[in-house]
Amino acid sequence: MPHSSQIAARRFIMLIRFGVSIEKDLLDKFDAVIRGRDYPTRSKAIEDFIRQAIIESEISKDTAEVVGSIDIVYDHHKREVLNKLTDIQHDFQDVILSSQHIHLNHHDCFEIVIVKGGKRMIEKLANRIKAAKGVKQSSLRIAGA
Ligand code: NI
């Protein structure tokens, strides 16, 4: 009988083959898209798109636990923007894993904040950042649930 750690180390993935009926035109367009994205096989592309649809369904729920990033471009010469962004990030420290700051040019800074936690809280944080005076551009990207 195998030791329990040996069982845990093995991961069997069952592959299922299934037939799909699809309009030829649509399939041709799909093949062109996946060629452009360098997928090795149609199966790999379909698997990837299915996985993406499942993630999108998961993260569409208000109660979802998600991971993602918020990127921010701001002019650090604008009064109080740095303090404001620091205050906001301290208010949301429970969902912030880390942040990185890069000086883009004489005026602008680029900051990326890695977040993990409840989707509602993360969206609230992203909205507070976006609304902060001095922030030129900011967007939230949810990477997964
Ligand atoms: Ni800077």
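A residue is called buried if 20 or more other C-beta atoms lie within 10 Å of its own, exposed if 12 or fewer do, and partly exposed in between, with C-beta atoms placed from the backbone. By this criterion, 11% of the 145 residues of the protein chain count as buried. The model is predicted: local features need a pLDDT of at least 70, side-chain atom pairs count only at pLDDT 80 or more, and totals for chains, interfaces and linings use all residues. Residues are numbered from 1 along each chain as its sequence is written.

The pLDDT, which is the predictor's confidence in each residue on a scale from 0 to 100, averages 91 over the protein chain, and 94% of the residues score at least 70. Among the elements, strand 3 has the highest mean pLDDT (97), and helix 1 (residues 4-9) the lowest (55).

Helices (H or I, at least four residues) and strands (E, at least two) are DSSP runs, numbered from the N terminus. The protein chain has five helices and four strands, and their order along the sequence is α-α-α-β-α-β-β-α-β. The radius of gyration, taken over C-alpha atoms, is 22 Å, well over the 15 Å that the globule rule (2.2 Å times the number of residues to the power 0.38) gives for 145 residues, so the protein chain is more spread out than a compact globule. An automatic or database domain assignment gives domain 1 (1-60) and domain 2 (65-144). The centres of these domains, taken over C-alpha atoms, are separated by 33 Å.

Within the range of domain 1 lies helix 2 (residues 24-36). Asp38, which follows helix 2, has a positive phi, near 60°.

Turning to the strands, two of them pair if DSSP finds at least two bridges between them. Strand 1 (residues 65-75) runs antiparallel to strand 3 (residues 108-118), joined by eleven bridges; here Asp71 stands opposite Ile112. Strand 2 is also antiparallel to strand 3, through seven bridges, and Ile96 has Val115 as its bridge partner in strand 3. Four residues lie between strand 2 and strand 3, which form a hairpin. Ile102 belongs to strand 2 (residues 96-103) and counts as exposed because it has 9 C-beta neighbours inside 10 Å.

Conventions. Expected span 1.5 Å × (residues − 1).
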